[in-house]
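Here's a quick tour of how two chains sit against each other. Have a look at the model first, then read on.

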Amino acid sequence: MDLTKKNRIRITNSFVILLTMALLLLMLFPFFVMLVSMLKTSKEIYHIPPYWLPKHPTLKNFSLVWNTFPLAAFFRNSLIIALGTVALNTFISVPAGYAVARLHFPGKKFILFAFLITQMFSPVVVVISLFKIIIKIHLIDTYLSVIIANAVFTTPFVIWMLNGYFSGIPKGIEDAARIDGCSRVGALLRVILPIAAPGLVTTIIYTFIYGWNDFIFSLSFLQTGNKYPLTMGLYQFVGRFAIQWEQLLAAAFLAILPVLILFFLVEKQLVSGLAGGAVKE
Amino acid sequence: MSDTTLTLRNRKIKGEAALAYALLAPAVLLMLIFMVYPIFYVFVISLFKTNKLAKIQSFDGFKIYAELLSSKDTWIVIGRSMLWTVLGVTTKTIFGLIIALSLNVKYVGRKISRLLFIVPWASSIPISVMLWQWVVHSEFGLLNHTLRLIGVMNPPVWLGQAGTAFLSCMWVDIWLGIPFMALVFLAAMQAVPQTLYEAAEIDGASRSQKFKYVTLPGIAAILLVATLLSSLWTFNDFNTVYILTKGGPAGSTNILITYVYMNSFEWLKWQKASALSIFTFLILSTVSVLYARIYFKREEM
């Protein structure tokens with residue numbers, strides 16, 4: 001009896017592992033293709049029939065792409081947009097998150113509800129009017145236009161996440177600080193924020209990734225190529241006829257790597273934040 | 001005596017509310033100026049004839065709405081968006097469930113599998129979409145190479161024909177959405193108390209019975225939230241279609257979200273695009289309100 005049960009578990013496990021491998025193959029195929037293709041020479045990548053693996057693996061594409069594409073500029077622009085989004089978003093969301101988590105005021109429910117709903121809107125719904133507004137306030141073709149738009153679309157979710165983190169801090173700690181003579185703002189800066197730091201880091205990383213991955217606002221508001229972030233920069237090259245895919249894929253690898261690493265740090269908190277109270281971190 | 005404490009208390013509450021509004025002001029202003037006002041503004045634009053520079057010309061009333069509602073193209077695009085969303089979310093849910101179930105079994109290497117499944121979601125989405133463009137390349141792509149190897153003599157030019165282009169876009173969107181579903185379902189499954197499974201086992205439940213009577217009810221609530229959320233994201237997926245096909249060939253892959261964008265920034269029909277934005281807004285608000293209500297209930301529990 002016990003033995004058959006053990007066997008059954010073993011059979012299930014091998015079935016599950018096989019299934020997992022098949023599914024992983026499906027989910028990771030493009031990344032596999034990227035990894036092998038970026039190591040191919042130009043001749044190899046345009047060979048018919050295609051090779052699975054590079055015959056003479058080379059890292060030359062990385063130096064080629066660095067020299068032929070303005071890749072350094074794209075990186076710098078992505079960084080400016082992502083960090084700018086983080087700065088603006090944090091500056092706006094932290095006080096708001098504290099207010100909804102800690103203070104009593106009429107209209108709180110409505111505000112939380114409104115933030116939750118706007119979080120779901122597509123940038124496309126407002127991109128036309130944003131475009132006109134951005135022209136009117138002379139921000140067209142500036143990083144700031146993209147930063148503002150990204151901050152608008154990250155703020156609601158971040159306030160919700162911070163609401164969760166701040167609510168989790170026992171009220172007694174804040175009260176103790178205030179009895180010791182801290183003002184509310186002082187208590188927020190000196191007591192609440194340090195305790196909520198891990199949560200704050202999560203929202204900062206989330207916002208950074210959002211800014212790094214922006215495509216639609218850069219596409220709509222940036223007009224000169226030397227301001228393009230990586231997403232737009234690479235897209236522009238995909239659109240060209242005589243495109244060197246092996247170099248482009250090397251660039252894609254470099255563009256993906258930073259956000260991939262950052263994402264792994266926050267994925268659990270993101271999932272629980274998105275799914276509401278039902279899923280715990 | 002009690003009067004003074006009451007006024008003191010009142011004053012404290014008032015002070016607290018004032019502080020709250022002050023702290024909320026930047027966020028609320030940002031949303032009012034760059035989200036609420038633009039929605040109102042896009043509605044205003046839709047009531048006016050516009051030139052190519054998106055400048056408002058002359059008042060046109062609701063004519064564009066009547067025009068759009070009686071145009072076959074509008075309904076084709078809306079219908080395609082619905083098909084896109086329903087098929088996309090269904091497939092994501094099924095794959096998500098299968099992956100979550102397989103990750104819920106204990107074996108060596110499970111943690112690594114879990115991490116690897118996240119990669120499509122964790123990568124930069126616009127760039128992942130560009131990767132697919134190379135993967136499905138008709139001559140040099142490894143997808144068609146694989147198909148030729150297994151005996152498909154003339155694999156399709158995926159992005160070159162209406163049907164296969166739509167399928168390709170749909171698959172890429174599905175592929176992007178699967179990891180989130182899998183992770184949420186896995187987290188929900190792991191929250192189902194182990195004792196329930198043990199009890200079911202004692203009662204002699206089979207594996208499929210355990211899934212049907214323990215797992216599914218255990219994750220039902222989260223299933224609802226996740227599918228709603230996924231519907232919004234799927235409906236909103238601009239990157240996939242724009243980057244892969246720009247809605248082509250011949251408009252055959254446009255969904256509402258890309259149709260709005262093509263009409264505005266590409267074809268410069270700003271009035272029409274604005275009216276279509278309002279359609280999109282109405283559809284999105286309906287689903288978001290539904291999602292927000294459910295989310296609120298869960299938060300309060």
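Let's start inside one chain: Lys227(A) makes a salt bridge with Asp141(A), with the closest N and O atoms 3.5 Å apart. (A salt bridge here is a side-chain nitrogen of Lys or Arg within 4 Å of a carboxyl oxygen of Asp or Glu.) Lys227(A) sits in the loop between α10 and α11 of chain A and Asp141(A) in the loop between α6 and α7 of chain A, so the pair ties together parts that are 86 residues apart in sequence. Over all chains, the whole structure has eight salt bridges.

Before going further, a word on the ground rules. This is a predicted model, where local features need pLDDT of at least 70, side-chain atom pairs count only at pLDDT 80 or more, and totals for chains, interfaces and linings use all residues. Residues are numbered from 1 along each chain as its sequence is written, chains are lettered from A and ligands numbered from 1 in the order in which they are written, and side-chain values use heavy atoms, with hydrogens and water left out.

Now for the interface. Counting contact as heavy atoms within 4.5 Å, 98 residues of chain A touch 106 residues of chain B. About 9400 Å² is buried between the two chains, and carbon and sulfur atoms give 80% of that; buried area is the accessible area (1.4 Å probe) that two parts lose on being put together, summed over both. On the chain A side, Met27(A), Met120(A) and Ile128(A) lose the most area to chain B, together 8% of what that side buries.

| Salt bridge | Closest N and O atoms |
|---|---|
| Lys227(A) with Asp141(A) | 3.5 Å |

Along with Val271(A), Leu274(A) and Ala275(A) in α12(A), Glu267(A) meets Phe180(B), Leu183(B) and Val184(B) in α7(B). The axes of α12(A) and α7(B) are 10 Å apart, at an angle of about 80°; axes are lines fitted to C-alpha atoms over the stretch in contact, and angles run from 0 to 180 degrees between N-to-C directions. The two helices are therefore roughly perpendicular, a label covering 65 to 115 degrees.

How values were computed
Helices (H or I, at least four residues) and strands (E, at least two) are DSSP runs, numbered from the N terminus. Angles under 35 degrees count as roughly parallel, over 145 as roughly antiparallel, 65 to 115 as roughly perpendicular and the rest as oblique.
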